[in-house]
Amino acid sequence: MRFSIRDLVYIGVFGALWGAVEITGGSVLHVLNVPFSGVVLAGVGMAIALIGRLFVPRRGSVLAIGIITALLKMFSIGGIVITPMIGIFAESLIAELVLTMLGRPRRASFLAAGAMATLWPFFHPFLTQGILAGSGIFTIYQRTIQKGAQTLGLPATAILYVLAALIALHIVIGLAAGLLAWDAGRVIQARLRPDVGERTT
Amino acid sequence: MSPAGRAVCLILALVLATTAPGWRAAAACGVIVVLAAIASPASLATLRSRRFWLFLILLLVPAALFLGGDAQEATGLAFSMSGLQAGVVMALRAIGIMVAVSGFAASVSVTDLGHLLERLGMRGLGFALGIAVNMLPTVQSNLTTAYQALRLRGGLRRPWMGLRLLLVTVAANSLRHADDIVGSAEARAFSPDRLPAVRLTWSAADWRVIVVLIVTMAAVWLV
């Protein structure tokens, strides 16, 4: 990763933006116990990081924005910091990989990066709780699902439909984040650099 | 302790906490908590967090109910002693990890972390982190002001459009501010490539803590 001064300042700014959303919005959503707050935050954060990619169109920029955000989260006041840090890092890494594989920034690559990155919050609890608590946690999940299905009188396969619906929800939020990033990013480009905006529209 | 020493100790503590088998996790957790209390007392603030204890309870209760084969039916629920023991081991591991991370976060400054990133080969990332830390209050204030203005003008009635407007406003304002920073950095001929390499220093305290962690690791794995 080799960035110019302008790139580094922009990375810092977009990292601060995502960090501000995580620190203020994240606290509010967790206090209010809003369902799916993790994927909503991931969606907004990913939209910011992808706009950052439009302004720093270099390999590694989304990952750098994610690293900055994760470090800001570490220094924010709050209880458990390690799990959101892992989440932010993983989301930016996934988005970076997708963008790198798909080449030049395009609407389709933004949609794909958003969808893949926001899928992470679905798997995040399994990984982080596995790290924190060890493999025993997976046995707990398995038994909880079995007992729950038994209590509700549902076949154990019903859980597959629930999981599919949850994955679809995460993907839809990610696609929306990618679309938002592409649209908003181009509007910002046109507003700040009229020459660039005219070229891309 | 030096920032580099703290970073190495964090890695060792994480390896120790995550790999200690069975009840040896108690020894690992104990050593980490004692070292953290000596090297960075602020790290123990994690243990005063109600959310953290709730998380531990959420580990213990399902483990007692769903783990282990010696389930005893009491009040309609299958309670297992071995499951509870497995839950305690998980909780101890979690305490070790949380205290180690909090200790690092509480004792290493942003500047030190920036120097560490630069030394690890991530050229310029320390500079970007410094920009982000300095910009954070401005960005937060921009975000709040734009959100309130949008809300008062009824801009949130259409959430998609509202979110788009909010993002455009906040990002555009922040980028204008960023252009000023770029201008002043360029006027001073600043370049991250020309920054003098910061030498990482090590203190005797670093080595003492590292040795204690390595000895504990060896004891936990081999004894």
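Chain B has eight helices and two strands. Since this is a predicted model, everything below describes computed geometry. Going along the sequence, the elements of chain B run α-α-α-β-β-α-α-α-α-α. The chain splits into two domains, with domain 1 covering 3-115 + 200-222 and domain 2 covering 127-194. The C-alpha centres of these two domains of chain B sit 38 Å apart.

The overall dimensions of chain B are worth a look next. Its C-alpha atoms fill a box of roughly 70 × 55 × 25 Å along the principal axes. The radius of gyration of chain B comes out at 24 Å, whereas a compact globule of 223 residues would have one near 17 Å.

On the α1(B) side, the contact is made by G5(B), V8(B), C9(B), L12(B), A13(B) and L16(B). Facing them from α8(B) are D206(B), V209(B), I210(B), L213(B), I214(B), T216(B), M217(B) and V220(B). Sorted by class, the contact of α1(B) with α8(B) has eleven nonpolar residues, two polar ones and one charged one.

Over in chain A, α2(A) and α7(A) make another helix pair. Their axes come within 8 Å and cross at roughly 35 degrees, and the crossing is right-handed. From α2(A), the residues involved are V39(A), G43(A), M46(A), A47(A), L50(A), I51(A) and L54(A). They meet a set of residues in α7(A), including H170(A), I173(A), G174(A), A177(A), L180(A), A181(A), A184(A), I188(A) and Q189(A). The tally for the contact of α2(A) with α7(A) is 13 nonpolar, six polar and no charged residues.

Then there is the interface between the chains. Here, 45 residues of chain A are in contact with 50 residues of chain B. On the chain A side, the elements that each give two or more residues are α1 (5-31), α2 (37-55), α3 (61-75), α5 (107-133), α6 (136-152) and α7 (158-192). Of these, α1(A) gives the most, with 14 residues. The chain A side that touches chain B divides into 32 nonpolar, nine polar and four charged residues.

One helix pair that spans the two chains is α7(A) with α7 (residues 159-187) of chain B. These helices pack at an angle of about 45 degrees, with their axes 9 Å apart, and α7(A) and α7(B) are therefore oblique to each other. The crossing of α7(A) and α7(B) is right-handed. The α7(A) residues in this contact are L180(A), D183(A), A184(A), V187(A), I188(A), R191(A) and L192(A). Their partners on α7(B) are L163(B), R164(B), L167(B), V168(B), A171(B), A172(B) and L175(B). By class, the contact of α7(A) with α7(B) has eleven nonpolar, no polar and three charged residues.

Methods: Residues numbered from 1 in each chain as written. Chains lettered and ligands numbered in written order. Predicted model: local features only at pLDDT ≥ 70, side-chain atom pairs only at ≥ 80, totals over all residues. Contact = placed C-beta atoms within 7 Å. Helix = DSSP H or I, 4+ residues; strand = E, 2+ residues; numbered from the N terminus. Nonpolar A, V, L, I, M, F, W, Y, C, P; charged D, E, K, R; others polar. Domains from an automatic or database assignment. Rg over C-alpha atoms; globule rule 2.2 N^0.38 Å. Axes fitted to C-alpha atoms, helices over the stretch in contact; angles between N-to-C directions. Left-handed = near helix turned anticlockwise from the far one by under 90°. Parallel < 35°, antiparallel > 145°, perpendicular 65-115°, else oblique.
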